[in-house]
Amino acid sequence: MFLAQSINEFHRDVVDTRGSASALITTASNGVVTFSASTAGGAGLAVTDVYQIFKSYWNGTPVIPTSVDELETTDALYERIDWEDQDGTPEFFTQETTGPSGMRLYPKPDTSGTLKIWYSSIPAQITASASTVDISYAFEDAPMYLMISKAFGREIDSPGDGRYASYAKQYRAEYEKLVAQAMNVSMGGFNRNQQTIIRNQHV
């Protein structure tokens, strides 16, 4: 199982799987749009594999990513404005308050509109019983390095050996090297070295 977890993390770091979803949003309480296969009509998007949102549009107009800190800073500049209470046409979004299961629009929509997102999706998860793994021969050592790093990391607090932390760091560094190489592999004419690795999220 430990190896399966490492394989999943490697896939998450490297595999570039993208998708899109759109729906007419008629209800967005507090500006929140949910991502769920069972979401009610008009309340969200019927997707469950969103990893990172790249682009978002409301009625064809871009909705820009922001942060709660930036919105709170705006509140401080304009003392009579509370971003959580503002209604209008969505201009920004954040996932800080929803996690991967949704997004929060600001201002809150005051009318119905079509929301469309483009996103990277979570790769299919490998289980402990999987018999085949789609990893290039050149990078097949990466999950093993990560697994060993995690194993040493779990033993850092064990008495009698202060070398575990060093070993964990060394094997993690080897893993990072292979991930960087894999990210630089050009696939289908698209050079993926512009991608950003986002670790330990949404799995």
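Me: Why is glutamate 70 called partly exposed?
Reply: Its relative accessible area is 47%. Buried means under 20%, exposed over 50%, and partly exposed in between (Shrake-Rupley areas, 1.4 Å probe, only the protein chains shown counting as cover). Glutamate 70 falls in between, so the label is partly exposed. This is a predicted model: local features need pLDDT of at least 70, side-chain atom pairs count only at pLDDT 80 or more, and totals for chains, interfaces and linings use all residues. Residues are numbered from 1 along each chain as its sequence is written, and side-chain values use heavy atoms, with hydrogens and water left out.

Me: Where does glutamate 70 lie?
Reply: In helix H2, residues 68-77. Helices (H or I, at least four residues) and strands (E, at least two) are DSSP runs, numbered from the N terminus.

Me: What makes the patch that holds Glu70 negative?
Reply: Its members are Asp69, Glu70, Glu72, Asp82, Asp85 and Glu96. Asp and Glu count as negative, Lys and Arg as positive, while His and the chain ends are not counted. A patch takes residues with over 30% relative accessible area and no salt bridge, and joins like charges within 9 Å (nonpolar side chains, namely Val, Leu, Ile, Met, Phe, Trp and Tyr, within 5 Å). Each charge is placed at CG of Asp or CD of Glu (NZ for Lys, CZ for Arg). Glutamate 70, at 47%, passes the area cut-off.

Me: How do you know that aspartate 87 and lysine 108 form a salt bridge?
Reply: Their closest N and O atoms are 3.7 Å apart. A salt bridge needs a side-chain nitrogen of Lys or Arg within 4 Å of a carboxyl oxygen of Asp or Glu. The distance is within the limit, so the pair counts. Aspartate 87 is in strand E7 (87-88) and lysine 108 in strand E10 (108-109), so the bridge ties together parts 21 residues apart in sequence.

Me: Is lysine 108 buried or exposed?
Reply: Buried. Its relative accessibility is 17%, and that is under the cut-off.

Me: How many salt bridges does a search of the whole structure find?
Reply: Three. Arginine 172 and glutamate 176 make one of them, at 3.2 Å from N to O. Glutamate 174 and lysine 177 make another, at 3.4 Å.

Me: Why do arginine 172 and lysine 177 count as partly exposed?
Reply: Arginine 172 has 22% relative accessibility. Lysine 177 has 48%.

Me: How many bridges join E4 and E5?
Reply: Two, antiparallel. Tyrosine 57 stands opposite proline 62 in E5. The hairpin has two residues between its strands, and asparagine 59 there takes a positive phi near 50°.

Me: What makes E1 and E5 edge strands?
Reply: The open sheet runs E1-E11-E4-E5, with antiparallel pairing. E1 (18-25) and E5 (61-62) each have a single partner strand, so one side of each is left without a neighbour in the sheet.

Me: What is the order of the open sheet of five strands?
Reply: E3-E2-E9-E8-E6, with mixed pairing. E3 (44-45) and E6 (64-65) stand at its edges, since each has a single partner strand. E2 (32-35) and E9 (102-106) pair antiparallel over three bridges, with valine 32 opposite arginine 104.

Me: Why does alanine 37 count as exposed?
Reply: Its relative accessibility is 65%, and that is over the cut-off. Alanine 37 lies in the loop between E2 and E3. Serine 36 is in that loop but counts as partly exposed, at 23%.

Conventions:
Two strands pair if DSSP finds at least two bridges between them.
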